[in-house]
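Hi everyone, thanks for coming.

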Amino acid sequence: MREYDFVSLLKSKELKNKKAVITIGVFDGVHLGHQTLIKRVKEESLKIPSSTSMVITFSSNPKPGKFRNIDTLRLRKEEVEKEDIDAFVVIDFSHEFSMISASGFIEMLTSLTTPETVVVGEDFRFGNPSSSASAQDLGSIFKSIGIDTKVIIEKAILTEGGEKISSTLVRRVIEKGETGCIPTLIGRKYRVDLMPCPFRLKDDALVYGRDSIHQLLPPPGVYEAESLDKSGSICNGLCYIDDDNLCFKPTDTDISEVSLSSLPLDSIFFGEQK
């Protein structure tokens, strides 16, 4: 999978005449609903010879409000790559970009590539608030500029209790400390990216300041956890969270036995709260 910057790709016209099957969204958490969209993109792309499967996402969440993302961009990219997508296109969301109308965005999209098929969820919206459009408007907007693009609208994935799986739901579950439930929503344990975070060693534990971690963390408490190091090795342990720090303490080895060459840790996977 190749990563592109949206604006740079527009300027280079590298994929301008390339047929593409596309999905668009933040994909924060890459939950089961997101995975359905991405898998459908790959399936549709395989039906069109020499087409590019493409996921277009944002460097930061364009929704208003101050909250921490579920994923970092790096983790999002890794999850998308698992589905064998060809192109991962990142929009550096800015104030200027937020002012683009729905039709203006579609015109940019058709300058970026040749969209044969677009796959979105039923609650998909795009464009600035005063001129936004919904998933149901996509087909007519493409036709208005003379483009015959197939639009596939996927229904939401529901929990066993009938609630729509969404980034909002995933965020709410994490905030409650119910990290053991996360695999039912995203298909894997909740993962926190530690690669960019400074750390220190203290009392057989790795200590990270909460302010250095840009993802959403569960509330203070003790959680079953696994660490992943740069070599791909997994270490079982406990994760202690308080108001200031996240501390990971291995339970199947002493921290003094952990090779310094494996630090900093790649990430931590959260299990049940103890």
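**Strands, spaces and a few residues**

Let's start with strand β13 (residues 234–241) and strand β14, which run antiparallel and are joined by five bridges. One thing to keep in mind throughout: this is a predicted model. If you look for a specific pair, I241 has L246 of β14 as its bridge partner.

Is strand β14 largely enclosed or open? Five of the six residues in β14 (residues 245–250) are buried, so the rest of the structure largely encloses this strand. A handy thing to remember when you look at strands: side chains in a regular strand alternate between the two faces of the sheet.

D204 sits in the loop between β10 (200–202) and β11. Its phi is positive, about 60°, although D204 is not a glycine. D204 counts as partly exposed because its relative accessibility is 33%, and that class runs between 20% and 50%.

D84 lies in the loop between α3 and β4 (87–91).

Next, let's visit a helix. T110 is part of helix α5 (residues 102–112). Is T110 buried or exposed? Its relative accessibility is 14%, so T110 counts as buried, the cut-off being under 20%. And what does T110 touch, leaving aside residues up to four places away in sequence? The contacts are K16, P115, F142, I145 and I147. The side chain of T110 also reaches the backbone oxygen of E107, at 2.9 Å.

On to the empty spaces. Rolling a probe the size of a water molecule over the atoms shows where such space is left.

The largest pocket holds about 1100 Å³ of space. It is lined by 41 residues, and the closest to its centre are V26, K63, D123, F124 and R125. Several elements give two or more residues to this lining, among them α2 (32–46), β5 (114–121) and α7 (167–175). Sorted by class, the lining of the largest pocket has 20 nonpolar, twelve polar and nine charged residues.

The second largest pocket has about 190 Å³ of space. Of its 16 lining residues, D71, T72, L73, H214 and Q215 are the closest to the centre. Which helix gives the most to this lining? That is helix α3 (residues 73–81), with three residues. By class, the lining of the second largest pocket has five nonpolar, six polar and five charged residues.

Last stop: how many cavities of 30 Å³ or more does a search of the whole structure find? The search finds one, and the space in this largest cavity is about 60 Å³. D71, L75, E79, I186, R188, K189 and R191 line it. Of those residues, two are nonpolar, none are polar and five are charged.

Methods
Residues numbered from 1 in each chain as written. Predicted model: local features only at pLDDT ≥ 70, side-chain atom pairs only at ≥ 80, totals over all residues. Heavy atoms only, no water. Helix = DSSP H or I, 4+ residues; strand = E, 2+ residues; numbered from the N terminus. Buried < 20%, exposed > 50% of the residue type's maximum accessible area, 1.4 Å probe, protein only. Polar contact = N/O pair within 3.5 Å; in protein donor to acceptor, adjacent residues only side chain to side chain. Contact = heavy atoms within 4.5 Å. Pairing = 2+ DSSP bridges. 1 Å grid on protein atoms, 1.4 Å probe; cavity = no way out; pocket = protein on both sides within 12 Å on 5 of 7 lines; lining within 4 Å. Points joined across faces, edges and corners; volume = space filled by probe spheres on them. Nonpolar A, V, L, I, M, F, W, Y, C, P; charged D, E, K, R; others polar.
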